[in-house]
Amino acid sequence: MPTALWIAHVHVTNEDAYMEYAKRATGAIADHGGVFLARGGKYEQLEGNDRKRNVVARFPSLQAAHDCYYSDAYQEALSFAKGASERDLVIVEEAD
């Protein structure tokens, strides 16, 4: 079964609320087998909309990433990001 990547591009508008989201989301992601590969590090914007926070996490499967997003723990964490950020989030299977 292929692993999956959770890729988020974020513009933070309320740092305090967003950091609370990040703290809570970390546990929810780990509980579903997610491991961070990139989390807000240096980047180079080559095309599209520039969002200064970029996050990539690897999950054991697309289903695990999906289940994480819809879990009670993640949805609670997400309530802190809503209104505190503009986000794009996608989950995608990795190539073999």
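Colleague: Is the crossing of helix 1 and helix 3 left-handed or right-handed?
Modeller: Keep in mind that this is a predicted model. In it, helix 1 and helix 3 cross in a left-handed way.
Colleague: Which residues make the contact?
Modeller: From helix 1 come Ala17, Tyr18, Glu20, Tyr21, Arg24, Ala25 and Ala28. Helix 3 brings Ala73, Tyr74, Glu76, Ala77, Leu78, Phe80 and Ala81.
Colleague: How do the residues of that contact divide by class?
Modeller: There are 11 nonpolar and three charged residues in the contact of helix 1 with helix 3, and no polar ones.
Colleague: And at what angle do helix 1 and helix 3 pack?
Modeller: The angle is about 165°, and the axes of helix 1 (residues 15-31) and helix 3 (residues 72-81) are 7 Å apart. Angles over 145 degrees count as roughly antiparallel, so that is how these two helices run relative to each other.
Colleague: Nice. Switching to cavities: how much space lies in the largest cavity?
Modeller: About 100 Å³. The count of cavities of 30 Å³ or more comes to one.
Colleague: What lines the largest cavity?
Modeller: Its lining has 13 residues, with Tyr18, Tyr21, Phe36, Arg39 and Val55 nearest the centre. Strand 1 (4-12), helix 1, strand 2 (35-39) and strand 3 (53-59) each give two or more residues to that lining.
Colleague: Which element gives the most to the lining?
Modeller: Helix 1, with five residues.
Colleague: How does the lining split by class?
Modeller: The largest cavity is lined by 10 nonpolar and three charged residues, with no polar ones.

Note on methods
Residues are numbered from 1 along each chain as its sequence is written. This is a predicted model: local features need pLDDT of at least 70, side-chain atom pairs count only at pLDDT 80 or more; totals for chains, interfaces and linings use all residues. Side-chain values use heavy atoms; hydrogens and water are left out. Axes are lines fitted to C-alpha atoms, for helices over the stretch in contact, and angles run from 0 to 180 degrees between N-to-C directions. Helices (H or I, at least four residues) and strands (E, at least two) are DSSP runs, numbered from the N terminus. Angles under 35 degrees count as roughly parallel, over 145 as roughly antiparallel, 65 to 115 as roughly perpendicular and the rest as oblique. A crossing is left-handed if the near helix is turned anticlockwise from the far one by less than a right angle, and right-handed if clockwise. Contact means heavy atoms within 4.5 Å. Ala, Val, Leu, Ile, Met, Phe, Trp, Tyr, Cys and Pro count as nonpolar, Asp, Glu, Lys and Arg as charged, and the others, Gly among them, as polar. On a 1 Å grid over the protein atoms alone, a cavity is a set of points where a 1.4 Å probe fits but cannot get out, and a pocket is an open set with protein on both sides within 12 Å along at least five of seven lines; lining residues have an atom within 4 Å of a point. Grid points are joined across faces, edges and corners, and a volume is the space filled by probe spheres set on the points.
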